[in-house]
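My entries follow in the order in which I made them.

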Amino acid sequence: MEIAAIKVAAPQVALKVIDRAIQVHGGGGVSDDFPLASMYAHMRTLRLADGPDEVHKMTIARHELRRGAGSRPEDGG
């Protein structure tokens, strides 16, 4: 479950950082003068190659639901 969370969070953070760098560099950020555009494309492709985020999020959700169901107090009368 922790691996699934990392596979969702890490690429998203990397994309945000690269996107911010592109924004800071303006038009240069998407030119061949800086490797930022290719880095963004590579990270976006990596997210798909490792499995869609939805698959990892489903794994996390199932784990959390099982964990929550196991710790729920019994309904007593």
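**Terms and basis.** I call a residue buried under 20% relative accessible area, exposed over 50%, and partly exposed in between, with a 1.4 Å probe and protein chains only. This is a predicted model, in which local features need pLDDT of at least 70 and side-chain atom pairs count only at pLDDT 80 or more, while totals for chains, interfaces and linings use all residues. Residues are numbered from 1 along each chain as its sequence is written, and side-chain values use heavy atoms, with hydrogens and water left out.

**Confidence.** I looked up pLDDT, the predictor's confidence in each residue, from 0 to 100. The protein averages 88, and 92% of the residues score at least 70. I keep one caution in mind: where pLDDT is low, the predicted coordinates should not be read in detail.

**Helix H1.** I take helices as DSSP runs (H or I, at least four residues), numbered from the N terminus. For the expected span of a helix I use 1.5 Å times one less than its number of residues. H1 has 24 residues and reaches 34 Å from its first C-alpha to its last, close to the expected 34 Å. I listed its buried residues as Ala-4, Val-8, Pro-11, Leu-15, Ile-18 and Ile-22. H2 and H3 are among what covers them. Just after H1, Gly-26 takes a positive phi of about 65 degrees.

**Helix H2.** Leu-36, Met-43 and Arg-47 are buried in H2. Seen down the helix axis, the buried residues of H2 fall within an arc of 45 degrees, so they line one face; the arc is that of the directions from the axis to the C-beta atoms. On the other side of H2 I found His-42, Leu-48 and Ala-49 exposed. The buried residues of H2 pack against H1 (2–25) and H3 (53–70), where contact means heavy atoms within 4.5 Å. Just after H2, Gly-51 takes a positive phi of about 105 degrees.

I also looked at Ala-37, which is found in H2. Ala-37 is partly exposed, with a relative accessible area of 31%. Leaving aside neighbours within four places in sequence, Ala-37 is in contact with Ile-22, Gly-29 and Val-30. The C-alpha atoms of Ala-37 and Arg-47 are 16 Å apart, with the two residues 10 apart along the chain.

**Nonpolar core.** Which residues make up the largest nonpolar core? I count as a core a set of buried Ala, Val, Leu, Ile, Met, Phe, Trp, Tyr and Cys residues joined through side-chain atoms within 4.5 Å. The largest has five residues: Leu-15, Ile-18, Ile-22, Leu-36 and Met-43. H1 and H2 each supply at least two residues of this core, and H1 gives the most, with three. Not counting residues up to four places away in sequence, Ile-18 touches Leu-36, Met-39, Tyr-40 and Met-43.

His-56 is buried, with a relative accessible area of 9%. With neighbours within four places in sequence left aside, His-56 is in contact with Ala-4, Lys-7, Val-8, Asp-50 and Gly-51. On the same terms, Ile-60 is in contact with Met-1, Ala-4, Ala-5 and Val-8. Ile-60 and Ala-5 are 55 residues apart in sequence but 6.8 Å apart in space, C-alpha to C-alpha.

**Salt bridges.** How many salt bridges are there? My rule asks for a side-chain nitrogen of Lys or Arg within 4 Å of a carboxyl oxygen of Asp or Glu, and the count comes to two. One joins the side chains of Arg-47 and Asp-53 (2.3 Å, N to O), and both residues are buried. Glu-64 and Arg-67 meet in a salt bridge at 3.5 Å, N to O. Glu-64 and Arg-67 both lie in H3, three residues apart, about one turn of the helix. I noted Glu-64 as partly exposed, at 31% relative accessibility. Arg-67 is exposed, with a relative accessible area of 52%.
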